[in-house]
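Please view the structure first and then read on.

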Amino acid sequence: LLLRAFLGVTFVFAAVQKLSNRGFFDSGNPTSIQSQLRGSASTTPFGSLIAPLLHVAVPLGIVIAFAELAVGIGTLIGLYSRLAAASGMLINLMFFLTVSYNASPYYNGSDIVFFFAWSVIAFGGAGALSLDAYFGAQRARETALANAGSGRSKAGAERVAAVDRRIAVAKVGTAGLIGV
């Protein structure tokens, strides 16, 4: 729970900071996404992959910020937590291979630490205090009721499938509501 809170708050904060800082999108600012891409293109072995992104730096920065926001919120509330954590791993791997690639020694760059911190949630899930756990428990209760007295009949299987659809719609609806 503490790791989820730390990672979630950190990613939400990073996203809000990017979106509210006009300098992040101003190519003349030394802290802008353009400057960061330019610096990464010249210092990492992946420069040839980064250089073509300079002409789409602002949209890329917006996508990164909203991805961080989605990952952070998903992690904080524990909804689609494994997907959020895997996305967080991908974002931090991308940052490690670009922005903090030349940190020396490597453990001075925080992105590698974040990558492995995300792996705990990606492989282990969000834990008991999460919407994933709530929807899982709800599915288990409803599945048990659907199976009661019907055994492995076709009707029982259809009721379980209906429960699965209802839970899936509830999770997607919750994510959509939070997204809005």
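In this predicted model, tyrosine 101 has a relative accessibility of 32% and therefore counts as partly exposed, since that class lies between 20% and 50%. Its partner is phenylalanine 46, and the two rings form an edge-to-face aromatic pair, with 6.3 Å from centre to centre and 90° between the planes. Phenylalanine 46 is also partly exposed, at 30% relative accessible area. Because phenylalanine 46 sits in the loop between α2 (33–43) and α3 (47–50), while tyrosine 101 sits in the loop between α5 and α6, the pair ties together parts that are 55 residues apart in sequence.

The chain has 6 aromatic pairs by the rule applied here, and another of them joins tyrosine 134 and phenylalanine 135, whose planes stand at 65° and are therefore edge-to-face, with ring centres 5.3 Å apart. Tyrosine 134 is partly exposed at 46%, whereas phenylalanine 135 is buried at 7%.

| Aromatic pair | Centre distance | Angle between planes |
|---|---|---|
| Phenylalanine 46 and tyrosine 101 | 6.3 Å | 90° |
| Tyrosine 134 and phenylalanine 135 | 5.3 Å | 65° |

The helices on either side of the loop that holds tyrosine 101 also pack against each other: α5 (residues 81–97) and α6 (residues 110–124) have axes 8 Å apart at an angle of about 160°, which means that α5 is roughly antiparallel to α6. The crossing of α5 past α6 is left-handed. Among the residues making the contact are Met89, Leu93 and Phe96 of α5, together with Phe115, Trp118 and Ala122 of α6. The contact residues comprise 13 nonpolar, 5 polar and 2 charged ones.

Notes
Residues are numbered from 1 along each chain as its sequence is written. This is a predicted model: local features need pLDDT of at least 70, side-chain atom pairs count only at pLDDT 80 or more; totals for chains, interfaces and linings use all residues. Side-chain values use heavy atoms; hydrogens and water are left out. Axes are lines fitted to C-alpha atoms, for helices over the stretch in contact, and angles run from 0 to 180 degrees between N-to-C directions. Helices (H or I, at least four residues) and strands (E, at least two) are DSSP runs, numbered from the N terminus. Angles under 35 degrees count as roughly parallel, over 145 as roughly antiparallel, 65 to 115 as roughly perpendicular and the rest as oblique. A crossing is left-handed if the near helix is turned anticlockwise from the far one by less than a right angle, and right-handed if clockwise. Contact means heavy atoms within 4.5 Å. Ala, Val, Leu, Ile, Met, Phe, Trp, Tyr, Cys and Pro count as nonpolar, Asp, Glu, Lys and Arg as charged, and the others, Gly among them, as polar. Rings of Phe, Tyr and Trp (its six-membered ring) pair if their centres lie within 6.5 Å; planes under 30 degrees apart count as stacked, over 60 as edge-to-face and the rest as tilted. Buried means under 20% relative accessible area, exposed over 50%, partly exposed in between (1.4 Å probe, protein chains only).
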